[in-house]
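Dear colleague,

I am passing this structure on to you, and below it I have set out what was found. Please have it open while you read.

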Amino acid sequence: MPNEGTILDAPAVETEGLAKSFGDNRAVDGVDLIVPAGTVYGLLGPNGAGKTTVVRMLATLLRPDGGVARVFGHDVLREPDAVRSRVSLTGQYASVDEDLTGTENLVLLARLLGYSKAQARERAAQLLEAFGLSEAADRQVKKYSGGMRRRIDISASILNTPDLLFLDEPTTGLDPRSRNQVWDIVRLVVANGTTVLLTTQYLDEADQLAGRIAVIDRGKVIAEGTPGQLKASIGAGTVHVRLRDADQRPAAERVLAEELGTTVQREADPVALTARADASGSDRGAAAQASRALARLAEAGIIVDDFSLGQPSLDEVFLALTDRPATEEVTA
Ligand SMILES: Nc1ncnc2c1ncn2[C@@H]1O[C@H](COP(=O)(O)OP(=O)(O)OP(=O)(O)O)[C@@H](O)[C@H]1O
Ligand SMILES: [Mg+2]
C-alpha cells in the first residue's frame, strides 16, 4: 500500500542541478538524476566524488545550496517531513550500539519506532533470521565480523520497511563471501518493494545489483545508463590467462599483444598474463577479441589452463570516461 501523500508515478528520486559546496569545494556540482521506483540505482564513483553528499541531501540531513531534489515527488527543502517518512539510511559509518547484542539493538530501535515489546521481539527475530544472524542474535555487535556488522546495520534501517533505502557503500572493505551476503540482502529488500539507492566504488557491485548506474566524478554525473550500456560504452575488459608451462609465456605474450593490440602484463605468478581488451577502436567487441586471442594461442601450440575475460575495473571505467584513473584523488 502506498503511503498517504504518494504522488502517483513520481520517481523515487528526481534531482535537477543539485549542488552543494563546502567553502570553495563544489562537492556536488549540478547533478541530474532520475531513480525509478522499485529499482536499485547505483551511484558509482571514487573517494570524494560526492556520493555521500548527494545521499545526505536526499535524506534531508544536509541542505542543498542549488537545484531541486524530490523524493517520491516531495521537495527535500519544502516537505522534509514527507521525505523523512519515506526513507531510511544505512550510512557509511553506521549507527547500531556496539555494546548491545543484535537482538537488543533491533528491539530497542523497534521500540523507538512505536512497536510493542512483543512486536519488537518478533520483528527483530524475523530480521535476524532473514539476514542469517540468528546464531549471533545474543552476541554483542562489537564481536561481529565486518560482514555481520553490515547486515545488522541494514536490518536496523529496514525495521519499518522504507519506500526508499539509501545504502552508502554497503560492502566497502568486506571479503567476497560477506559481499555476496550483503548483495543477497539488497535483493531481498528490493523484492519487498523498497527502492534502493546504492553508492559504491565497485563497478561489479553496481553491475550485480543496479538496473541503472550514474557514474559520478568531482560532483558531476559523467555517464548514466544500464550496466550493459555503460560497459558497452567503455568497450573494454581484462583478459587473464594462465599457462600450463612458464616457458611458453614469452610466446603467449607476443600472441596476445598482437591480437589485442595492447600491452600485456606479466603477473608475479610465472604462468600468468593479463591484458586489457580495448574494443573501442575495433568493430568487434571485447569478448570476440578475447576468444580470437584464445584461438590464436591454441594455434601456436600454447597450452592454456585458464582463460577469462573480466569486467573493466572502476579504474578502467574512469580511464575510458575521463582519461585519468579513479585513484588519482582530487584535492579541491
Ligand atoms: N561536511 C563536510 N565539510 C567539508 N567538506 C566536505 C564535507 N563532506 C564532504 N566534503 C567534501 O566534499 C567532497 C565530496 O565528499 P563525499 O563524502 O560526498 O564523497 P564520496 O563520494 O562519498 O567519497 P567516499 O567514497 O570517500 O565516501 C570531498 O571533497 C569531501 O572532502
Ligand atoms: Mg562517501
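In helix 3 (residues 102-112), the buried residues are G102, T103, N105, L106, V107, L109 and A110, where buried means that 20 or more other C-beta atoms, placed from the backbone, lie within 10 Å of a residue's own, and exposed means 12 or fewer. Those buried residues pack against helix 4 (117-130) and helix 5 (146-157), and just after helix 3, G114 takes a positive phi of about 100°.

This is a predicted model, in which local features need pLDDT of at least 70 and side-chain atom pairs count only at pLDDT 80 or more, while totals for chains, interfaces and linings use all residues. Residues are numbered from 1 along each chain as its sequence is written, and chains are lettered from A and ligands numbered from 1 in the order in which they are written. Helices are DSSP runs of H or I with at least four residues, numbered from the N terminus.

In helix 9 (residues 249-260), A252, V255, L256, E259 and L260 are buried; seen down the helix axis, they fall within an arc of 105° (taken from the directions from the axis to the C-beta atoms), so they line one face of the helix.

Helix 9 packs with helix 10 (residues 286-299) at an angle of about 145°, their axes being 9 Å apart (axes are lines fitted to C-alpha atoms over the stretch in contact, and angles run from 0 to 180 degrees between N-to-C directions). The contact (C-beta atoms within 7 Å) joins A252, V255, L256, E259 and L260 of helix 9 to Q289, R292, A293, R296 and L297 of helix 10.

Conventions
Helix = DSSP H or I, 4+ residues; strand = E, 2+ residues; numbered from the N terminus. Contact = placed C-beta atoms within 7 Å.
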